[in-house]
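This report describes the arrangement of helices, sheets and chain contacts in the structure shown below.

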Amino acid sequence: MRLIGRRLALYAVTAWVAISVNFLLPHLMPGNPIQTLIGKIQGQVTPQEIEAIRLSFGGGLDKPLLTQYFTYLGQLLHGNLGVSITLSQPVTTILKQSVPWTLGLIGISTVLSFIIGTVCGALLGWTRGSRLDSLIPTATFFQAIPYFFLATVMLLVFGSDLHLFPVLGAYSPSLHPGWTWSFAVSALRYAELPVVSIVLSSIAGWMLGMRNMMITVVAEDFVLMSVAMGLPKRKVIMAAARNAVLPSIANLSLAIGLVVSGALLVELVFNYPGVGDLLLNAVQNEDYPLIQGIFLVITLTVLAANLLADLVYLGLDPRTRTETAT
Amino acid sequence: MKKSRFPRSPKVILGLCIVGFFLLLTIFGPLLAPFSPDNTSFAPLLTPSAHHWFGTTSLGQDIFSQTLVGARATIVVALVAGLVATMLSMVVGISAGYIGGYTDDGLSLMSNVFLAIPGLPLLIVIDSYLPVNSRSNTLVIGLIISLTGWAWGARVIRAQTMSLRNRDFVEASRIIGEKRHRVMFFEVAPNLLPILASSLLFTLLYSIGAYVTLAYIGLTSTSVWNWGTMLFWAQNNNAPLSGEWYWFVPPGVCIALVGTGLALLNFGIDEFINPRLRAAGLSSKQRRKLGLPRRQRLGLTPVLRTKVTTPAPLATTKPVTT
Amino acid sequence: MSTESIEVSGVVTSANETSDVSVVTTPHTDQRTDGPAMGQRILDVRNFSIDYGWGEGAVRAVNNVDLHLNRSTVLGIAGESGSGKSTLVYGFTRLLRSPGVIVGGEALFNLGPSEDGTDNIIDLVTASEKELRSVRWSNISVVLQSALSALNPVLRVGTQFEQVLKTHRRDMSKADRRARTVELLALVGLNEDRLRRYPHELSGGQRQRVMIALALALDPELVIMDEPTTALDVVTQREIISKLYELRSRFGFAMIFITHDLSLLVELADEIVVMYAGAMVERASAQALYDTPRHPYTLGLLNSFPPMHGVRTELTGIPGSPPDLTDLPTGCNFHPRCPYAMDRCLKESPRLEELGEDGRSVACWLHSGDEGVVVPVELRRTGRGKREPIPMPVKEDVS
């Protein structure tokens, strides 16, 4: 239990750091970006929107930094992330539409990649020395390809040459989003290519990590014991795998951060209407409120996922529990 | 110290060759390029030919030259970022692991925080606030990248340092009275070399990816040629959907190759650290020739009845029963 | 295999034939068995040799060793690290890890009489994977040295019993299995609440008891103990040994006990074999070995371990260290460390020869009966007093 408390505290601190960095950056960067921004948009947005933006940065620049900081925090709690200057809507509204797509994409891809990767890795580790080992250099190569490059290649192959998969967007342009069957199917079909690119790029890491751990675990005595006990091979592999998978789960937290980064870019390539697309446009147009809002949401979501992964790990490894021997 | 064994694994040798090749390219790339990468005087969107090995862009630039020249910035930034990040992680990791106590708590908290915040979004945010003129400064970009990439190495090094700290030779130098920083950097650090090397390789991998990604999004100055910028232009000119594969495949493949080379090297180091991972002797073809089963199977110790060439020193008792 | 014996090797079927263990033997000419087939003999390991590695770099880890074990008897295997004692046993149970390779010999295990009266014998060396699995744990079980790493860290103790019982006893219900587990734990003096614990939550002694309970789960005929007490403190050691003693008298399984501590064997074993550098150097009944050792190495071993009871003797060790198996001495493997080495010892390797007395063998030129060879006094005793096993009180649940 203490461990969970420690993890929670860590994530709380991290969240606080992220929030504070989000606040500090525009205030500390050379060139006074906030002032410039407000000056730039004077004529383009309503005065209420300007005020909302100003508040989301911490209120007037004439006030002391600390006061601005608390104003900023207060605004956050009220859900005011500012107003996007390119889309003229509150940032929170925009995010509500995009975040689900990104979450779905990342969620499915991570789960698929993890499962397929660790299963393959376990088999590779167990049948070491067999012909399966030739998969390893291939997997290594795929791991080195930047996510978006693979996505680009797939876009090329399936977008301009073979027309097997739908390529741009998240669903068929003729449909309206809603909880209908046809929409769901369409959404799934449009998700295929993005998911496949992310999975292919990230699977090698899981595979290789699991393989190495499996080899180490198989050398332990308890695996020999289960063989000596006459257990069927399936049970022996499971016994070893249950132990070997633990470091992978511990690494899940780190991997989520990487998958998020990769997913953002894949969205770019496939015009998937998630957060990544949004971010790129925001960056190119210097839409700071939107950039900051996205950064916050991404970070907090990743932290939440990390916490979840940590809880799973604590559940799976009994050695982390602090009961002592009598 | 252990005897150093030059690795004979084919994976490692291949890795060394690839990395070596690209290092040479970094140095000599711009010299070898047939044309200037900015030169727009050629016909646009030519497919690869003898004149233009990789074809031309929509502006009529030679892609082959761009690839060669682009190697330098890409790899240099990656190197800078990787080295700085590794040094940071080394200092933080060794200090945290060796000194322990509050120092450890503080440093660990810092690394965990940096680890938890997703790297790319943070990079994007920082970079977008940078004044435009510093974006062309590769050193600045390299530094920012290293800021987001040091945390993982620090954690790994800290763990290893903690396990080394309790070893006898460290204890011995402490008792003799060696100053703490001397013990840390002259006794402990040399034994961390394999982990440090592995950490450096990982960080290099990450840095290349980060730099190329930033360039792809357009957050670096387009005046400095690198592989990421090439991909940026390709994407912005709709190259994939138009079937102009020769525009973005060369830089992408180069990135992948460098990454693969680094990863293969990492394999070698992994096998060096963890002897269990080293190839267990013979290939399956060799085993079959010797009469052994194709691979090791747990719980089924192989039987290989060989001719005993020297007389067994201990014969069985009488009567002989086999 | 030579054809001198008229025994046809029992056993094994390849994957193409039926998977039943086939029965074959005919009367044996080995005078040590009594009755038809193997009779009282439960294990017959013959001419067993094991290499580490293969081809050029192969190292002979076990060289032409014979082992014989009768029902309900205890065989002790003693020797230093590297003597090959564990390698031998893992070898003939086919549990030896790579790069171990069996390069010769057979390991006949007697599963007991079948319907037509002849014995069911299996050669572990040539058995198929399926046959091995049916024999493992039901007939032969193993207690490994380091119980912490021998139990799956992520499974509760009770689950590990579940798995074994479920695999081998399909007809048992869940309630039956649980009852049996509780029963087994009680046998070794552990409380039922240990079922829910994880291995890392138990003490070393408790873990070892769990291992023993596991080993007895299916009522095997043979239990192999690989240095079960080496990792424990002396007090716990005694408790475990006396518990083993009690269990064996109660259930009558045969036991092979591997250790480097000869003093443990002297009280527990019926017969002891001593190994050195992969070969057997002496075999005798425990009492005889302890009272009247014949091999210089045995004598050295006995002098290295003070017995818990009895007259206080001077502790001497054996000078030198065990030989490098890749670079064995010429002639007798032991001669560099032997205080009685003669010229012959440097040139020729002695064979394991029977001594006139009652089931003893020794591999030493001192006892070859050659002229001019004087056997030192300490190696030709004829009896010094009876050894007495001293029972220890057994506590119910020990921390």
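## Chain B

In this predicted model, chain B contains 13 helices and zero strands. Its elements, read along the sequence, follow the pattern α-α-α-α-α-α-α-α-α-α-α-α-α.

Of the 322 residues in chain B, 46% are buried. Contacts in chain B between residues at least 6 apart in sequence include a share of 70% that join residues at least 24 apart.

## Contact between chains A and B

Chain A brings 55 residues into contact with 49 residues of chain B. On the side of chain A that touches chain B, the elements giving two or more residues include helix 1 (2–28), helix 8 (181–218), helix 10 (233–270) and helix 12 (288–316) of chain A. Helix 6 (135–144), helix 7 (147–161), helix 9 (221–228) and helix 11 (275–284) of chain A are also among them.

By class, this side of chain A has 36 nonpolar, 18 polar and one charged residues.

## Contact between chains C and A

Between chain C and chain A, the contact takes 24 residues from chain C and 21 residues from chain A. Helix 3 (147–150) and helix 4 of chain C each supply at least two residues of the side of chain C that touches chain A. Helix 4 of chain C gives the most to that side, with four residues.

The side of chain C that touches chain A has eleven nonpolar, ten polar and three charged residues.

## The four-stranded sheet of chain C

In chain C, four strands form an open sheet in the order 2-1-4-5, with antiparallel pairing. Strand 2 (59–70) and strand 5 (119–123) of chain C stand at the edges; each has a single partner strand, so one side of each is left without a neighbour in the sheet. Neighbouring strands of this sheet are turned by 10 degrees against each other on average, direction ignored.

Strand 1 (residues 41–52) of chain C is joined to strand 2 of chain C by eight bridges, and the two run antiparallel. Within this pairing, Arg41(C) has Asn70(C) in strand 2 of chain C as its bridge partner. Helix 1 (residues 85–92) of chain C packs on the sheet and touches strand 1, strand 2 and strand 4 (100–113) of chain C. The direction of helix 1 of chain C makes about 115 degrees with that of strand 1 of chain C.

## The eight-stranded sheet of chain C

Eight strands of chain C form an open sheet in the order 6-7-8-3-9-10-12-11, and the pairing is mixed. At the edges stand strand 6 (140–143) and strand 11 (353–354) of chain C, each with a single partner strand, so one side of each is left without a neighbour in the sheet. Strand 7 (residues 222–226) of chain C runs parallel to strand 8 of chain C, joined by five bridges. Here Met225(C) stands opposite Phe257(C) in strand 8 of chain C. Helix 1 of chain C packs on this sheet as well, touching strand 3, strand 7, strand 8 and strand 9 of chain C; its direction makes about 145 degrees with that of strand 8 of chain C.

Strand 3 (residues 74–78) of chain C is mostly covered, with five of its five residues buried. In a regular strand the side chains alternate between the two faces of the sheet. In strand 3 of chain C, Val74(C), Gly76(C) and Ala78(C) point one way, while Leu75(C) and Ile77(C) point the other way. Five bridges join strand 3 of chain C in the parallel sense to strand 8 (residues 254–259) of chain C, where Val74(C) stands opposite Met255(C). Strand 3 of chain C also pairs in the parallel sense with strand 9 (residues 271–276) of chain C over four bridges, and Ile77(C) stands opposite Val273(C) in strand 9.

## Helix 5 of chain C

The 14 residues of helix 5 (residues 174–187) of chain C should span 20 Å at 1.5 Å a residue, and the end C-alpha atoms are 20 Å apart, which agrees. Thr181(C), Leu184(C) and Leu185(C) are buried in this helix. Seen down the axis of helix 5 of chain C, the buried residues fall within an arc of 100 degrees, so they line one face of the helix.

These buried residues pack against helix 4 (157–168) and helix 6 (204–215) of chain C. On the other side of helix 5 of chain C, Ala175(C), Asp176(C), Ala179(C) and Glu183(C) are exposed. Just after helix 5 of chain C, Gly189(C) takes a positive phi of about 80 degrees.

How values were computed. Residues are numbered from 1 along each chain as its sequence is written. Chains are lettered from A and ligands numbered from 1 in the order in which they are written. Two strands pair if DSSP finds at least two bridges between them. Axes are lines fitted to C-alpha atoms, for helices over the stretch in contact, and angles run from 0 to 180 degrees between N-to-C directions. Two residues are in contact if their C-beta atoms, placed from the backbone, lie within 7 Å. A residue is buried if 20 or more other C-beta atoms lie within 10 Å of its own, exposed if 12 or fewer, and partly exposed in between; C-beta atoms are placed from the backbone. The expected span of a helix is 1.5 Å times one less than its number of residues. The arc is that of the directions from the helix axis to the C-beta atoms. Ala, Val, Leu, Ile, Met, Phe, Trp, Tyr, Cys and Pro count as nonpolar, Asp, Glu, Lys and Arg as charged, and the others, Gly among them, as polar.
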